[in-house]
Amino acid sequence: MALNELQRHYYARTTRNATDGVDIPAEDWDALVILDACRFDAFERLSDLPGSLSKRRSKAPTTVEFLRANLAGVDMTDTVYVTANPQFYRIEHGVYDVEPIGCRFHEVVDVWQDGWDDETGTVHPDRVTRAALEAAEEHPNKRLLVHYMQPHAPYIGPTGRDRLPSRQLNFWESYKRGDLDVDLDVVRRAYDENLELVLDEVDELLDGLSGRVVVTADHGELLGDRSGPIPYRKYGHLRGLHVPELVEVPWLVYEDGPRPRISAETSTTEDAEVADDVVVDRLRDLGYAD
């Protein structure tokens with residue numbers, strides 16, 4: 001869309017973009033929890049998690065840009081990455097012929113492989129919590145990076161299930177085209193319910209972890225906002241568009257119990273290979289275009 005390109009050019013010229021944001025690997029944390037597509041204002045309004053909340057700036061408005069900006073060429077062998085999002089696998093294994101970012105974790109737990117729900121086309125947050133607690137127990141001397149899929153679409157709360165179409169392929173593109181006969185207020189309610197679902201799981205996760213835990217987001221979400229120099233309504237999250245609703249993210253710090261002694265160690269476990277078409281299908285279910 002031409003207006004989107006104009007907005008991208010504007011932010012490319014007026015912001016530092018990827019260098020102007022929190023450096024995830026360099027921050028002080030024993031466990032860092034990423035909520036996918038979580039706006040700061042929604043988190044502030046709905047979260048009652050313990051800890052100290054502040055607003056930070058993300059380096060990127062989309063997951064792929066976030067991963068590249070934070071992890072490219074970084075040694076993360078002191079960290080286990082538990083993720084419901086297939087994007088890291090997509091990048092590292094060259095799906096869609098993308099260039100790998102050259103980041104090495106001690107281990108990557110791809111919950112989106114075995115924890116995928118075919119009915120809703122996503123990974124439910126309880127599967128991520130379970131996998132994260134298992135990883136924390138198995139690797140007590142490693143940092144833990146936990147990437148939930150929610151509040152990112154598909155919307156799996158009551159409103160999403162009752163009022164929105166099932167198997168919501170490329171939800172926001174369909175909405176922008178007018179293919180979905182649903183009020184924006186309904187979609188915003190469905191987004192809130194997705195966030196509430198994952199916050200409940202993060203609360204349980206915090207109970208099972210010790211040390212300094214940070215809860216944040218890779219990026220936010222546009223819910224019909226009119227940000228930027230061209231004030232038309234925008235939806236979802238758009239590459240290169242560094243508007244506040246996409247790059248202002250929560251940064252909740254919670255400390256409880258003794259901090260683990262972290263050490264870096266290259267894993268001898270080989271990553272499981274997944275057929276490219278499986279990765280592509282799951283990315284499409286989540287609304288990612290090719």
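**A tutorial on a predicted model**

Buried residues make up 56% of the 290 residues in the chain of this predicted model.

Student: What does the radius of gyration say about how compact the chain is?
Tutor: Happy to start there! The chain has 11 helices and 11 strands. The globule rule gives 19 Å for 290 residues, and the radius of gyration of the chain is close to that at 18 Å, so the chain is as compact as a globular protein of that length.

Student: Is serine 58 buried or exposed?
Tutor: Serine 58 sits in the loop between strand E2 (52-57) and helix H3 (63-71). Buried means under 20% relative accessible area. Because serine 58 has 1% relative accessibility, it counts as buried.

Student: Which backbone oxygen does the side chain of serine 58 reach?
Tutor: Good one to look up in the structure. Not counting residues up to four places away in sequence, serine 58 touches Asp20, Gly21, Phe66, Asp218, Val247 and Val249. Its side chain also reaches a backbone oxygen at 3.1 Å, that of alanine 60.

Student: Which element gives the most to the lining of the second largest pocket?
Tutor: That pocket has a volume of about 390 Å³. Strand E4 (104-110), helix H5 (111-114) and helix H6 (125-138) each supply at least two residues of its lining. With 6 residues, the element that gives the most is H6.

Student: How many residues of that lining are charged?
Tutor: The second largest pocket is lined by 19 residues, and Val108, Val109, Asp110, Val111 and Asp114 lie nearest its centre. Of the lining residues, 6 are nonpolar and 4 polar, while the charged ones number 9.

Definitions and conventions:
Residues are numbered from 1 along each chain as its sequence is written. This is a predicted model: local features need pLDDT of at least 70, side-chain atom pairs count only at pLDDT 80 or more; totals for chains, interfaces and linings use all residues. Side-chain values use heavy atoms; hydrogens and water are left out. On a 1 Å grid over the protein atoms alone, a cavity is a set of points where a 1.4 Å probe fits but cannot get out, and a pocket is an open set with protein on both sides within 12 Å along at least five of seven lines; lining residues have an atom within 4 Å of a point. Grid points are joined across faces, edges and corners, and a volume is the space filled by probe spheres set on the points. Helices (H or I, at least four residues) and strands (E, at least two) are DSSP runs, numbered from the N terminus. Ala, Val, Leu, Ile, Met, Phe, Trp, Tyr, Cys and Pro count as nonpolar, Asp, Glu, Lys and Arg as charged, and the others, Gly among them, as polar. Buried means under 20% relative accessible area, exposed over 50%, partly exposed in between (1.4 Å probe, protein chains only). A polar contact is a pair of N or O atoms within 3.5 Å; within protein, one must be able to donate a hydrogen and the other to accept it, and residues adjacent in sequence count only if both atoms are side-chain atoms. Contact means heavy atoms within 4.5 Å. The radius of gyration is taken over C-alpha atoms; the globule rule is 2.2 Å times the number of residues to the power 0.38.
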